[in-house]
Amino acid sequence: VDQGALNHGAAHFLKVAVEMKRSILVSGGTGSGKTTFLNALSGFVPDQERIISIEDVRELQLQQTHVVRLQTRPSDAQGRGEVTTRDLLESCLRMRPDRILIGEVRGGEALDLLNALNSGHGGTMCSLHANSASNALSKLETLVLFAGEELPQRAIRSQIANAVDMVIQMSRLRDGSRRLVEIVEIESSLDAAGNYQTNPLFQLYIEAIPDSERLACRLEPTKNLPSFFDAAVAQGYDLTQDDFGLGDSTI
């Protein structure tokens, strides 16, 4: 928030989403701030929860009490001893995690991740290379195929729709700033044509400043309520319709 990557309203909403164990995918290009943002999101995980992180390089700085860190390992000169993200994810599920954090999904572990998310491991957060929220879902479909299983596209999409609750898109703008570009909620069912149904919640609007290399950016709510709004209010979270650009009398 202090660096202008997002505003207080979006940050408060994301805090509620993390505490309510929504499964979040942080998407963006190289150098867009995905890992930094994922690290910031992890700070909202309650301290009493058991977190298991899976990374290629240790980048996440988790401050909670119950943290188990797992790290991949390349094979040696003889091609032995490799430990992949897929291996670690399989082991992780036997370690009673309350939260699973994956530094980056980049291969066949995407299928194991979907299976975990669809079997009660909500609240998982991970990052993925993609240029937009919709592209992130398509990329995840492709990564699932890396697992070597011949699954029909609709089955893969159905799994993704049920597993991923939200996509947060990060971007590095031409003035060098790293910004949250959009927050999109993914509905748990596909439409009649087998396409994803999405619910945009926040969108970044960009304007060039005359005679300046800097950009004027504002992150605004889209006047759509998240699907878990009523549940959040019922559980005592401080969310109002005004947070999403709607007055109490609008609905």
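**Entry 1. Ser42**

I looked up the contacts of S42 and, leaving aside neighbours within four places in sequence, found L62, Q64, L101 and M125; contact here means heavy atoms within 4.5 Å. The model is a predicted one, in which local features need pLDDT of at least 70, side-chain atom pairs count only at pLDDT 80 or more, and totals for chains, interfaces and linings use all residues. Residues are numbered from 1 along each chain as its sequence is written, and side-chain values use heavy atoms, with hydrogens and water left out.

I placed S42 in helix 2. Helices (H or I, at least four residues) and strands (E, at least two) are DSSP runs, numbered from the N terminus. Is S42 buried or exposed? S42 has a relative accessible area of 2% and is therefore buried. The cut-offs are under 20% relative accessible area for buried, over 50% for exposed and partly exposed in between, with a 1.4 Å probe and protein chains only.

**Entry 2. Nonpolar cores**

I then examined the largest nonpolar core, which has 38 residues. Such a core is a set of buried Ala, Val, Leu, Ile, Met, Phe, Trp, Tyr and Cys residues joined through side-chain atoms within 4.5 Å. The residues with the most contacts inside this core are L6, F13, L14, F37, L41, L180 and I183. At least two of its residues come from each of helix 1 (8-19), strand 1 (24-28), helix 2 (34-42), strand 6 (166-172), strand 7 (178-186), strand 8 (198-208), strand 9 (215-221) and helix 7 (229-234). Helix 1 gives the most to this core, with 7 residues. I noted another core apart from it, of 35 residues, among them A136, L143, I186 and Y196.

For L41, I set aside neighbours within four places in sequence and recorded contacts with L14, V18, I24, V26, M125 and I168.

**Entry 3. Leu128**

I located L128 in strand 5. Its relative accessible area is 0%, so L128 counts as buried. Not counting residues up to four places away in sequence, L128 touches L25, V26, S27, G28, K34, V105, A136, K139, L140 and L143. I also checked L128 against L70: the two are 58 residues apart in sequence and 18 Å apart in space, C-alpha to C-alpha.

**Entry 4. Helix 4**

How many residues of helix 4 are buried? I found 7 of its 9 residues (109-117) buried, and the helix is mostly covered. The buried ones are E109, A110, L111, L113, L114, A116 and L117. What covers them includes helix 3 (85-92), strand 4 (99-102), strand 5, helix 5 (133-145) and helix 6 (153-163).

**Entry 5. Pockets and cavity**

Grid points are joined across faces, edges and corners, and a volume is the space filled by probe spheres set on the points.

The largest pocket holds about 390 Å³ of space. I counted 16 lining residues, of which Q3, A5, L6, T36 and F37 lie nearest its centre. Helix 2 provides the largest share of this lining, 4 residues. By class, the lining has 10 nonpolar, 5 polar and 1 charged; Ala, Val, Leu, Ile, Met, Phe, Trp, Tyr, Cys and Pro count as nonpolar, Asp, Glu, Lys and Arg as charged, and the others, Gly among them, as polar.

The second largest pocket holds about 170 Å³. Of its 14 lining residues, D56, E59, G103, E104 and R106 are the closest to its centre. Helix 2, strand 2 (51-55) and strand 5 (125-129) each give two or more residues to the lining. I recorded 3 nonpolar, 5 polar and 6 charged residues there.

The whole structure has 1 cavity of 30 Å³ or more, and the largest cavity contains about 60 Å³ of space. Its lining consists of S23, I24, L25, L113, L117, T124, C126, L140, A163 and V164, divided into 8 nonpolar, 2 polar and no charged residues.

**Entry 6. Positive phi**

I noted that R96, a residue other than glycine, has a positive phi near 50°. R96 lies in the loop between helix 3 and strand 4, and its relative accessibility of 53% makes it exposed. K223, also not a glycine, has a positive phi of about 70°. K223 sits in the loop between strand 9 and helix 7 and is exposed, with a relative accessible area of 54%.

How values were computed. 1 Å grid on protein atoms, 1.4 Å probe; cavity = no way out; pocket = protein on both sides within 12 Å on 5 of 7 lines; lining within 4 Å.
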